[in-house]
Amino acid sequence: MSHQSELISTDIEAYLNQHENKDMLRFLTCGNVDDGKSTLIGRLLFDTNLIYEDTLAAMHKDNDRVGNAGEALDLALLVDGLQSEREQGITIDVAYRYFSTEKRKFIIADCPGHEQYTRNMATGASTCDLAIILIDARRGVQTQTRRHSFIASLLGIKHIVVAINKMDLKEYSREVFDNIRFEYQQLADKLNLHNVHFVPVSALNGDNVVNRSEHMPWYEGPTLMEILESVELVEDENLTDLRFPVQYVNRPNLDFRGFCGTLASGVLRHGDTVMTLPSRKTSKVKSIITYEGELQEAFPGDAITVTLEDEIDVSRGDTLVDPATPAVVGKAFSAHVVWMSEKPLITGKEYGFKLGTKVTTGYFTNIQHEIDVNTLDTIPGTSSLDLNSIGQVDIELTEDAVFDRYCKLPNTGAFAIIDTLTNVTVGAGMILSPKPSKNEISHPQKSYNQAEKNLNRFIRENYPEWECREI
Ligand SMILES: Nc1nc2c(ncn2[C@@H]2O[C@H](COP(=O)(O)OP(=O)(O)OP(=O)(O)O)[C@@H](O)[C@H]2O)c(=O)[nH]1
C-alpha cells in the first residue's frame with residue numbers, strides 16, 4: 001500500500017527525511033447525511049493507493065453483503081467503523097484519519113452531519129486549514145450547507161472547497177454545476193469566505209477526485225486532490241505578531257529560569273526585546289532552548305524554553321510579545337461562543353475561562369444576540385444559550401488577561417469555557433474585540449482636584465512598582 005516511492009528501496013534515509021519534512025494539511029469534510037462524505041474519503045484513499053490489501057479484500061467481501069454501490073465497490077465501507085458506532089450511539093465524536101501522498105501529509109476530521117452535532121463540527125474544524133463542503137448535485141445548497149459554511153467562517157477556516165458531488169446523476173451537466181456554484185458564491189460573499197474553490201465530482205465513479213474526469217471536459221480546474229496538495233499554507237501562518245504564551249516556568253536551581261511553551265505566532269530571535277503581558281515588563285531573549293539544542297530563532301509551533309537577560313517576573317499564563325506589536329490587556333471582551341453543554345449558558349453565573357495558557361474565572365455580562373445557524377439570522381433579546389447554539393456575547397473576567405482578535409490570531413484569540421464545579425468544557429469562544437472594563441469606563445468621567453493630582457504624581461514618581469495610572 002501507500003504511495004510508492006523509488007527512494008524506499010534505494011535510499012531509505014532520504015525517503016524518511018523527505019517524508020518527515022512534508023508539510024501537513026488538516027481538513028474536514030462536511031455535508032448533509034448521504035451527500036457522499038464517506039464515499040469521497042474512501043475514494044481519496046483508494047485512488048491514491050493508500051488502502052492495505054487485506055482491507056481491500058475485506059471490503060470486497062462486505063461489498064457483496066451490505067454495499068450500497070451496486071456492482072461497484074462501496075468505498076463508504078472504508079469508513080464504516082465510525083458509522084456503526086454512530087448508529088449504536090456509542091460515540092458521537094470527531095474521527096480523525098491520517099494519510100499522506102508524495103507531496104503532503106493529511107489529517108481528515110470527519111464530523112457527523114446532523115444539526116445536533118454543531119459542537120462536534122466546531123471541535124473538529126477548530127484546527128483545520130481547509131473545509132470540504134459537499135453538495136449533492138441533485139439538491140443544491142441546503143440548510144446544512146449554510147450551517148457548515150457559517151461555522152467554517154466563524155472559525156476562520158482559510159480555504160473552502162465546495163465539492164459538488166453525484167455529478168453522474170445529473171449527466172455531468174455544466175449548467176447544474178454553474179447554478180450551484182452561483183448559489184453558493186452568494187452565500188460565501190455574505191459570510192465573507194475567501195479562497196473558495198468549486199469542483200464537480202463523482203465520488204462513486206472517481207471523477208475529479210484524484211483523477212481527472214473524462215465526463216466533464218468543460219471543467220478545466222484542478223481535481224480535488226490537486227487542490228488539497230497545493231493550497232498555500234505558509235502564508236496562513238502569522239510571522240509578524242509575536243505571541244509566546246508561557247505554559248510552565250522551569251526553575252530547577254537558582255541559576256536557571258526558563259519559560260516553556262509553544263510559540264503561537266511570530267518569530268522569536270535570540271537577542272530580541274520582549275515584553276511580558278499583562279505586567280508590561282521588558283527584557284531581552286538570552287537563549288532559546290529546545291530538546292535538540294539551542295536555536296537562533298523559533299517559529300510558530302516550535303516547543304521551546306526561553307531564558308531572559310533580566311530577572312523579570314513571568315508566570316504561567318503570561319504571554320511574551322514584541323513591544324512593537326503587543327496584544328490588548330484587559331478584563332472585558334466580546335466574543336462568539338459555541339455552547340457545548342446540556343446546561344444552558346447563563347449570564348451572571350461564574351465560569352472558568354481558559355485563554356491560551358491562562359486559566360481564570362469570569363462571567364457573561366450580556367448576550368448581544370443568538371445566531372440562527374441555519375438561516376444566519378440574528379435573534380436579539382436572549383438571556384441564555386442552549387446546547388449547540390451560537391451567540392455573540394460580552395464577557396468580564398475577574399483578572400487581567402491578554403486578548404487577540406480571533407480573526408487575526410486564532411491561536412491566541414480562541415478560548416474555552418469551563419464549568420467551575422465539574423471542570424468540564426462547556427463552550428468554545430472566539431474573541432471579537434476587547435472592551436474597556438466597567439472600572440475603566442468610569443475613569444474618564446471622574447474629575448480630580450489638584451490635591452488628588454499631586455498625590456497621583458507622588459505615587460507614580462516614588463512607587464513605580466505600584467504601576468499607578470496617570471490621572
Ligand atoms: N451516484 C452516486 N452515488 C453516490 C456518489 N457518492 C456517494 N454516493 C452514494 O450515496 C450514498 C451515501 O453515500 P455515503 O458516502 O455513505 O454518504 P455520507 O455523506 O457519508 O453519509 P453519512 O455518513 O450518513 O453522513 C451511498 O449509497 C453512495 O454509494 C456519487 O458520486 N454518485
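Visitor: What should I know before looking at the numbers?

Guide: This is a predicted model, so local features are given where pLDDT is at least 70, side-chain atom pairs count only at pLDDT 80 or more, and totals for chains, interfaces and linings use all residues. Residues are numbered from 1 along each chain as its sequence is written.

Visitor: How many helices and strands does the chain have, and what makes a run count as one?

Guide: There are twelve helices and 25 strands. A helix is a DSSP run of H or I with at least four residues, a strand is a run of E with at least two, and both are numbered from the N terminus.

Visitor: What makes strand 5 a largely enclosed strand?

Guide: A residue is called buried if 20 or more other C-beta atoms lie within 10 Å of its own, exposed if 12 or fewer, and partly exposed in between, with C-beta atoms placed from the backbone. In strand 5 (residues 159-165), seven of the seven residues are buried, so the strand is largely enclosed by the rest of the structure. For the chain as a whole, buried residues make up 35% of the 471 residues.

Visitor: Which residues of strand 5 point which way?

Guide: His159, Val161, Ala163 and Asn165 point one way, Ile160, Val162 and Ile164 point the other way, and all are buried. In a regular strand the side chains alternate between the two faces of the sheet.

Visitor: How do you know that strand 5 pairs with strand 4 and with strand 6?

Guide: Two strands pair if DSSP finds at least two bridges between them. Strand 4 (residues 130-136) and strand 5 have seven bridges in the parallel sense, and Leu130 stands opposite His159. Strand 6 (residues 196-200) also runs parallel to strand 5, with five bridges, and here Ile164 has Pro200 as its bridge partner. Both pairings therefore meet the cut-off of at least two bridges.

Visitor: Why is the unit of strand 5, helix 8 and strand 6 called right-handed?

Guide: The word is used if, with the strands pointing away from the viewer, the path from the first strand over the helix to the second runs clockwise. Strand 5, helix 8 (residues 174-190) and strand 6 make such a right-handed β-α-β unit. Another right-handed crossover leads from strand 4 through helix 7 (residues 143-154) to strand 5.

Visitor: What makes a set of residues a nonpolar core?

Guide: The set must be buried Ala, Val, Leu, Ile, Met, Phe, Trp, Tyr and Cys residues joined through C-beta atoms within 7 Å. The largest one here has 94 residues, and Phe27, Ala131, Val162, Ala163, Ile164 and Val337 touch the most other members. Strand 23 (residues 390-403) gives the most to this core, with seven residues.

Visitor: Which residues is Val162 in contact with, and what does contact mean?

Guide: Contact means that the C-beta atoms of two residues, placed from the backbone, lie within 7 Å. Leaving aside neighbours within four places in sequence, Val162 is in contact with Ile133, Ile135, Tyr184, Val196 and Phe198.

Visitor: How do you know that Thr319 is buried?

Guide: Thr319 has 29 other C-beta atoms within 10 Å, so it counts as buried. This residue lies in strand 16 (residues 319-321). Among the residues that Thr319 touches are Leu277, Gly356 and Val402.

Visitor: Where are the domains, and how do domain 2 and domain 3 meet?

Guide: An automatic or database domain assignment sets the bounds, giving domain 1 (7-236), domain 2 (243-321) and domain 3 (328-462). Twelve residues of domain 2 are in contact with eleven residues of domain 3.
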